[in-house]
Structures are given as C-alpha cells and as structure tokens.
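Hi everyone, thanks for making time for this.

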Amino acid sequence: SVVNGLNQPLGFVDARDGSGRLFVVEQTGTIRIYQNGVLLGKPFLDLTDRVTSGNETGLLGLAFHPKFSENHRFFVNYTSPTGGLHTVISEFTVGSTPEEADKNSERILLTIPQPFANHNGGNIVFGPDGHLYIGTGDGGSGNDPQGNGQNVATLLGKMLRIDVDQNAAGKEYGIPADNPFIGTNNAAPEIWAYGLRNPWRFSFDPATGLLYVGDVGQNDREEVDVIRKGKNYGWNVMEGTICTPGVNPACDKSPFEPPIIDYPRSDGTTVIGGYVYRGKEIPDLAGAYLYGDFGSGRLWALRYDGNEVTGQQLLLETGRNISSFGEDEQWGLYLVDYGGEIFKIMPGP
C-alpha cells in the first residue's frame, strides 16, 4: 500500500515531467497529487462544481500532454449534467504554482450527449503518435438499444483519435490525416475503431506500440482487445467471443475482430484494463500484460505475441475492487482500489 484515504479513486496517472509526481483521479471531481510518498492535502484540480458523479458518472479520465513539462497542458474526461447528461473532454493548464491547476483555464474540446447514465467509458490516453485517444461507451442501458456500437455516424461505442495541437474547421481539435473514416459518408472522422461496449481503461505498450483495452461485457463475457485502426470489435452483435445472447444468439462472427482473450462471469464481472509491464523490479513479468476485475478482485497476466495469446495466468486474488491501474516514471505498476487505496505491485517473497 502506498496511499490510502482516497475518495473513490479511478486513476493514478504519471505526468512524465521528471517531477516524480503521480496524480490521483477521484470520481467525485478532484485530482490529487502523490509526491515523495505523501498525498498532498490540497487538490491539484477540483471540478466538483461541474461534474455529476455516482455509479458510472463522474471525473473519469486524465491525460497529460506529451510536452506537459513545457506547455503545462493536460486533459480530462468527465460527465456533466448541464443541459442533459453528456461527456466533456476539456483542456486545462497549470496555474501559478506547479501544485495547482488553473480552474478557470478550461477549454472544452468535445462534448458527447449520453442517452443513459451508464457506459460512459472515460479513459483518455496520448498515444506514441502524440494524438489523444478517447474511449467511449455505447451510451448505456442494456444490449445497446440504440445500436451505437455498430453505427459509425455516432461517437458512442468507439475508440476516438484526435489532434489536440490543431483545430479543424468548426472544431476545437484536429482530425489526424490517417484516421480511417475520413471521407466516408455518414461516418465520424474522429473514429479510430468501433464496436466497443464500455472500454474501461486502456494503455499503449511503449515497446510494441500495441493498444490494449479492457471492454466490459453485458451478462456473459468480459474481454481484452488489442485495438487496431479501423477495426470493428463486434458489440452489440458479439460479446467477447460469443454472439450476444440478448441480441442474436446465431450471429455471423466473420466481420468482427475477436478479443485476444475473454472470460466468463464465473471469473469476474467487470474487466479492468491494465498495462504491459516494462518495469525493472519484477523481471519475470517483463512484457506481460497485467489486467484485473472489479467484481472478483482477480489480477491476471497474459503474454501476447502480436497474433495470439501465448500464456495467461492468475497472479493474485486481491480481494479488492480494482478500478484502475497506473505507472510511474520508472514503469513501476500500481493497482487502484475503488475503496480508497493504491498499491504498488512488488516482487513476491
């Protein structure tokens, strides 16, 4: 255990600015700083006045610009009740001191209406290409009643990719020139991949560039996907490797990109995407992708060679409600317990 007493933590994010600071995302709307073994008392940013939180809503994501140490820009993903529930992707800058952001610097890049309160996705991550990736849920309810996952005209149920350093016409961000749906009729140019249900935590492997995501299932399967440009991951036709029971149990599986691994509800109820371990403290885990489950508290590791999973094992029964993972500047790996505590994953005896 490295820090406790937190309020519904959902993220533990490194700014990679050389300061050694790690930033805790609390669902209710605050970001706090963990530095030199101490949780600072004053929040780095307090957005409780504009965030609606509870169940699957709240302050859900944080990402620091790759040049944060120079430009002091960072980005958040939260749900707002103003004018109807919607997702907000915003940019902020640091204030007069590095320990406090300028709350009044908010620049809203993108808003996405949410038809239901659940399945808001929420994670945002900068890729090795310098672009911002945004995971969006299918809009909520059950079995995707609006068909958002398979509809490329909507931003829901997708992995989005935008350029935060440019502005396209009529937008507060740019569209990367190689996004796959540029020029496609009735398709949103922000889309990188689609057919997702509720991508809850994703990360890039710094060694291979692969993008791993944990996509939460409906009632039967939890899945881990490797997201590739333009691919369709099947929801709501597919749930993991099976046809979605509540939609069409006899579907055609051929158009869809299968998960690299999935598991039944007997193993867990809510997959939590993690990281490929690139730290030095646990050599036996080097190159393994660690992921967990909120409901069962299980922590697994798998190895993926770019084509198939070559090994998978249960590492630990944590007994915790795993809500996220995090990395520090040395690629050390942390586990976030929604109950208010963060743990560093250490070598066994």
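Before we start, please keep in mind that this is a predicted model. Let me begin with a pair of strands. Strand β15, which covers residues 211-215, runs antiparallel to strand β16, residues 221-227, and five bridges join the two.

Which sheet do β15 and β16 belong to? They sit in an open sheet of four strands, in the order β14-β15-β16-β19, and the pairing is antiparallel. At the edges we have β14, residues 199-204, and β19, residues 261-264, and each of these pairs on one side only. On average, neighbouring strands in this sheet are turned by 15° against each other, ignoring direction.

How many disulfides does the structure hold? There is one, and the partners are Cys243 and Cys251, with their sulfur atoms 2.1 Å apart. The torsion about their S-S bond is about -80°, so this disulfide is left-handed. And are Cys243 and Cys251 buried or exposed? Both cysteines are buried.

One last stop: Asn71, which has its place in helix α1, residues 68-71. Asn71 has a relative accessible area of 24%, so we call this residue partly exposed, the cut-off for buried being under 20%. From Asn71 to Arg32 we count 39 residues in sequence, and their C-alpha atoms are 20 Å apart in space.

Conventions
Residues are numbered from 1 along each chain as its sequence is written. This is a predicted model: local features need pLDDT of at least 70, side-chain atom pairs count only at pLDDT 80 or more; totals for chains, interfaces and linings use all residues. Side-chain values use heavy atoms; hydrogens and water are left out. Two strands pair if DSSP finds at least two bridges between them. Axes are lines fitted to C-alpha atoms, for helices over the stretch in contact, and angles run from 0 to 180 degrees between N-to-C directions. A disulfide is a pair of cysteine sulfur atoms within 2.5 Å. Buried means under 20% relative accessible area, exposed over 50%, partly exposed in between (1.4 Å probe, protein chains only).
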